[in-house]
Amino acid sequence: QPDDRGLIGDVPVLRVTRRGPEAVHFVPAPLEPGAAVLLSLDWERRFDHMQQHSGQHLITAIAEQMFGFKTTSWELGRQRSVIELDTPSVTAEQIEALERSVNEKIRERVPVVVRELAADDPEIETVRSRGLPDDHAGPVRVVDIEGVDSNMCCGTHVSNLSDLQVIKLLGTEKGKKNKTNLVFLAGNRVLKSIEQSHSTEKALTSLLKNGPGEHVEAVKRLQSSVKLLQKNNLNLLRDIAVLIARDFKSKPVQSQLFVLHRKEGDSEFMNIIANEIGTEETLLFLTVGDEKEAGLFLLAGPVEAVENLGPRVAELLGGKGAGKRGRFQGKATKMSRRGEVQALLQEFISHRSPEA
């Protein structure tokens, strides 16, 4: 169970941990020894942990009684909690029956009692436990859910199951080593989840222009439309790439350097242009993506020139890349420096030309 938070006077408690029988508090400023202070507890946090922890005890006990599922571990998360059950699977019918049973116990207002037993008390052997820590000192704390469970525990708990309000089992996830993780919410977390779901539902109703019962079908239709548009867009980009290359090749005198940037392109778009133009004589510098931020680049041309210039181009663009056989491509983070790359390439060509 996560530790408590709060104030010692006006100094916030950042963390609490246990060292043997002592609770060690971490604070951002020193406190005066012997001073009288008012302790303020973050009750909302504490009560949330109480609800989840007592809820776990209840679910664990009923799951073992009903189906023989033993709990091997559990996690109290920030938004949801998970119980690891020693079983390869749990059916939907079992989850429904378990949820119904634990909520019946909540409605019955079953008391929850905390007892302290001496370390050598023989009754300790009869309670459910995962064992004591090696540095344990003092009495042993036992939490009893009357008529349901008796469990060794050092956490904070409600005094009556009615304080749990309600438990919702959200389903299962595949666990490790043939185990199953059971996900649950208890108490106020159920209310917060419903509120969040309702807000999402209202937003979707406004965006999709239909009722909650039709949201799933509306999203499926949108996904189909997006896939079709993406396919059409990809085909158009391919056609544009071919036309750009043919336009370059149709010119009477072809430049030794071809530079092009297109925001909507991708790697395939650049490679199609490089394939269509051919890179025996022309040095190609192609980029796609945001003009001033991140994107992709391709340097293609004579093998020796690309091997020499590729790493320098990547460095100028603040990116990384790799290449072979006359092509060097990769990701860039500083597309705004494309002009510097073009100047570098132009300088390289001017030094390579016979006229220079």
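**A friendly note on this predicted model**

1. Let's start with glutamate 84. Setting aside neighbours within four places in sequence, glutamate 84 is in contact with Lys70, Thr71, Thr72, Ser73, Trp74, Lys176, Lys179, Thr180 and Asn181 (contact means heavy atoms within 4.5 Å). Glutamate 84 sits in strand S7, residues 81–85; helices (H or I, at least four residues) and strands (E, at least two) are DSSP runs, numbered from the N terminus. Its side chain and that of threonine 72 are joined by a polar contact of 2.5 Å. A polar contact is a pair of N or O atoms within 3.5 Å; within protein, one must be able to donate a hydrogen and the other to accept it, and residues adjacent in sequence count only if both atoms are side-chain atoms. Is glutamate 84 buried or exposed? Glutamate 84 counts as buried because its relative accessibility is 8% (buried means under 20% relative accessible area, exposed over 50%, partly exposed in between, with a 1.4 Å probe and protein chains only).

2. A word on how to read the model. It is predicted: local features need pLDDT of at least 70, side-chain atom pairs count only at pLDDT 80 or more, and totals for chains, interfaces and linings use all residues. Residues are numbered from 1 along each chain as its sequence is written, and side-chain values use heavy atoms, with hydrogens and water left out.

3. Now the cysteines. How many disulfides does the structure hold? It holds zero, a disulfide being a pair of cysteine sulfur atoms within 2.5 Å. The sulfur of cysteine 153 has its closest cysteine sulfur in cysteine 154, at 5.6 Å, so the two are too far apart for a bond. Cysteine 153 is buried, at 12% relative accessibility, whereas cysteine 154 is exposed, at 73%.

4. Isoleucine 167 belongs to strand S11, residues 167–174. Its relative accessible area is 1%, so isoleucine 167 is buried. Apart from residues up to four places away in sequence, isoleucine 167 touches Gly55, Leu58, Ile59, Glu99, Val102, Asn103, Ile106, Leu185 and Ala186.

5. Most residues other than glycine have a negative phi. Arginine 109, though not a glycine, has a positive phi of about 55°, and arginine 325 also has a positive phi, near 50°. Where is arginine 109? It lies in the loop between helix H2 (92–107) and strand S8 (112–117), while arginine 325 is in the loop between strand S16 (320–324) and strand S17 (327–332). Arginine 109 counts as exposed at 54% relative accessibility, and arginine 325 counts as exposed at 68%.
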